[in-house]
2 protein chains.
Amino acid sequence: MVDSNYREELKQYIPFWDKLSSNEQEFFMNNVLDLKYESGTTLHGGDDDCLGLILIRNGTIRTYMLSNEGKEITLFRLNEGEVCVLSAACILDSVTFDVNIDAETDCEIFLLGSTAFAKLASSNIYVENFAHKIATERFSDVMWAFEQILFMSFDKRLATFLFDEYIKIKDKDNVIKLTHEQVAKYIGSAREVVTRMLHYFANEGIVEVSRGGIKILMSKN
Amino acid sequence: MVDSNYREELKQYIPFWDKLSSNEQEFFMNNVLDLKYESGTTLHGGDDDCLGLILIRNGTIRTYMLSNEGKEITLFRLNEGEVCVLSAACILDSVTFDVNIDAETDCEIFLLGSTAFAKLASSNIYVENFAHKIATERFSDVMWAFEQILFMSFDKRLATFLFDEYIKIKDKDNVIKLTHEQVAKYIGSAREVVTRMLHYFANEGIVEVSRGGIKILMSKN
């Protein structure tokens, strides 16, 4: 439970706030927790897990599929100000799959537990619609990810990934601080394949591969 | 526009019927068309197409992704009594991707055109929620399809596909009447790969491959 200081902040995440009765607003406030997760920890672990609605105050979470053999495929990432509903899949009949969710950086979140969320969603159509709408947005993210994986050649996928990481770099050194293993995981490939293609890119003068990461040699415009 | 004889039939497709005002119900009835599509024709052709809400009276439609190079990946099929909302993606902000939709068999549908559907969805939260909920159900279908494609080995995928087709066979001959080309298209593979694996299955005594199709040699229990 959070105190009333958080009220204004919470309202920003949920467009349905004004559609809640004052009782429902109080219920919401009384059932929200503020939690912290360290980088690398698991928020939601696939089968039968049902955390609830996650509102990201800061940090990045990564949602991915995990095969029985341990193969991971990243579906999408969510950042500050965004809401995750697949962590409350158990209360949506229409969601029949499970995903895994990790904190990719240190994260602070608000959590509306699944029981409280279920209660609001069943009593208020705007809450239910919000959940389905957010799920549909994630559907779009997932379709984008699968188009990359299934239709795009590997060199294009890797280049697209590196470019997306590159534009997020805040340091002046232009280095993407990820191991080849991590890159492989994010784009659903194997480390050896990533390493081989990075060497190819290095030969082309596009990147410089070092212990510290992958340095992009183009200038940022 | 359909006449009032269709009213009871239409109501079965849409759980929000009782949430519509009588004006909205009339508007719905006045804007529904009954259409027929022949097997193999395209209902909805990807980019910028926006047919509207499809209610399937009979037949099967197939929704698939299409790459620039013409590669197809089947996402899901819908049958009698089911509703397709991705054919009205243009009116849902949360859907940012396009799909293709073909009639896989001769089909009869009711169509609520996208303009009429948009009007109802913007005035009635139950209609909007229905659209998002149906989209979320398709999200689940698509996740299932991608798990098959990305995590399942090819022999298991082909066997699963054949089994799904097998249990749909109504004739006593146990023959799946599809070409290798069609099977390849449905499971997102190449014809040569399908042919090779079918010969392997034939050698194992699981199937018998002939001009007319793929005969399953197990008995149906």
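1. The area buried between chain A and chain B comes to about 3,100 Å², with carbon and sulfur atoms giving 75% of that figure. Buried area here is the accessible area (1.4 Å probe) that two parts lose on being put together, summed over both. On the chain A side, A:Phe139, A:Leu150 and A:Phe151 lose the most area to chain B, together 23% of what that side buries.

2. A word on the ground rules before going on. This is a predicted model, where local features need pLDDT of at least 70 and side-chain atom pairs count only at pLDDT 80 or more, while totals for chains, interfaces and linings use all residues. Residues are numbered from 1 along each chain as its sequence is written, chains are lettered from A and ligands numbered from 1 in the order in which they are written, and side-chain values use heavy atoms, with hydrogens and water left out.

3. Back to the interface: 32 residues of chain A are in contact with 32 residues of chain B, contact meaning heavy atoms within 4.5 Å. The chain A side divides into 18 nonpolar, 7 polar and 7 charged residues. In this scheme Ala, Val, Leu, Ile, Met, Phe, Trp, Tyr, Cys and Pro count as nonpolar, Asp, Glu, Lys and Arg as charged, and the others, Gly among them, as polar.

4. The elements giving two or more residues to the chain A side are strand E4 (61-66), strand E5 (72-78) and helix H4 (125-151) of chain A. H4(A) supplies the largest share, 19 residues. Helices (H or I, at least four residues) and strands (E, at least two) are DSSP runs, numbered from the N terminus.

5. The same surface serves both copies, as 100% of the contact residues of chain A recur in chain B.

6. Chain B has an open sheet of 3 strands in the order E9-E11-E10, with antiparallel pairing; two strands pair if DSSP finds at least two bridges between them. Its edge strands are E9 (175-176) and E10 (207-210) of chain B. In chain A, 4 bridges join E10 (residues 207-210) to E11 (residues 213-216), and these two form a hairpin with 2 residues between them. One of the bridges pairs A:Val207 with A:Ile216.

7. Over all chains the structure holds 26 salt bridges. One to look at is A:Arg7 with A:Glu26, whose closest N and O atoms are 2.7 Å apart. This pair links helix H1 (residues 7-11) and helix H2 (residues 22-31) of chain A.

Definitions and conventions
Salt bridge = Lys/Arg side-chain N within 4 Å of Asp/Glu carboxyl O.
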